[in-house]
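Dear colleague,

Please find below the structure that I am handing over to you.

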Amino acid sequence: MATTLEQVLERTMMALPVTKEDLIVRGIAGEVTERIVELKKSVARLQQKYTSLDALQERVKREGVSPDDHTLYTDLMEWRAIENEMRELFAILGAM
C-alpha cells in the first residue's frame with residue numbers, strides 16, 4: 001500500500017522535533033536555494049562569454065541580430081530571464 005504525503009509528514013513529525021510548517025518551509029527553502037545555485041552557474045557561463053549583462057546588451061545593440069544566428073539575442077533573453085527569476089526567488093527567501 002502506498003504511503004500518502006500526509007502519512008509521511010505525520011511520521012516525520014513524530015520522529016523529529018519539527019512541525020509540519022517547519023518541514024514545508026525547509027522544503028521550499030531547499031528547492032529555492034537549489035534553483036538559485038543552478039541559475040548562478042548559468043550566469044557564470046554567460047559571464048565567461050560576454051563579461052556582463054550590460055556588455056551583452058551593448059553588443060546586441062551595436063551588432064544587431066543576424067538572421068542566420070540568433071545566439072546573441074537568445075543569450076540576452078536567457079540572461080534577462082535568469083535575472084528576473086533570481087529576483088523572484090530571493091524575494092521568496094526573504095519572505096520566509
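T51 is exposed, with a relative accessible area of 62%; here buried means under 20% relative accessible area, exposed over 50%, and partly exposed in between, with a 1.4 Å probe and protein chains only. This residue sits in the loop between α2 and α3. Helices such as these are DSSP runs (H or I, at least four residues), as strands are (E, at least two), numbered from the N terminus. The phi angle of T51 is near 75°, a positive value in a residue other than glycine.

Please note that this is a predicted model, in which local features need pLDDT of at least 70 and side-chain atom pairs count only at pLDDT 80 or more, while totals for chains, interfaces and linings use all residues. Residues are numbered from 1 along each chain as its sequence is written, and side-chain values use heavy atoms, with hydrogens and water left out.

The core

The largest nonpolar core has 15 residues, and Y50, L56, W79 and I82 touch the most other members. Such a core is a set of buried Ala, Val, Leu, Ile, Met, Phe, Trp, Tyr and Cys residues joined through side-chain atoms within 4.5 Å. Two or more residues each come from α2 (20-50), α3 (53-63) and α4 (71-95).

Leaving aside residues up to four places away in sequence, Y50 touches A55, L56, R59, T71, L72, D75 and W79, where contact means heavy atoms within 4.5 Å. D75, in helix α4, is buried, with a relative accessible area of 7%.

Salt bridges

How many salt bridges does a search of the whole structure find? There are seven, a salt bridge being a side-chain nitrogen of Lys or Arg within 4 Å of a carboxyl oxygen of Asp or Glu. In general, side chains of opposite charge can pair when their charged atoms come close.

One of them joins R45 and E78, whose closest N and O atoms are 2.6 Å apart. This pair links distant parts of the chain, with R45 in helix α2 and E78 in helix α4, 33 residues apart. R45 is partly exposed at 36% relative accessibility, and E78 is partly exposed at 26%.

R35 pairs with E38, the closest N and O atoms being 3.1 Å apart. These two are separated by about one helical turn, because they are three residues apart in helix α2. E63 and R59 form another bridge, with closest N and O atoms 3.1 Å apart. They are four residues apart in helix α3, and therefore about one helical turn separates them. Salt bridges that share partners also join R35, E38 and E85 into one network.

The surface

I24, V25, I28, I92 and M96 form a nonpolar patch on the surface, with about 380 Å² of accessible area together. Patches are made of residues with over 30% relative accessible area and no salt bridge, with like charges joined within 9 Å and nonpolar side chains (Val, Leu, Ile, Met, Phe, Trp, Tyr) within 5 Å; accessible areas come from the Shrake-Rupley method with a 1.4 Å probe, and for residues only the protein chains shown count as cover. Helix α2 gives the most to this patch, with three residues. I92, in helix α4, counts as partly exposed at 31% relative accessibility.

Yours sincerely
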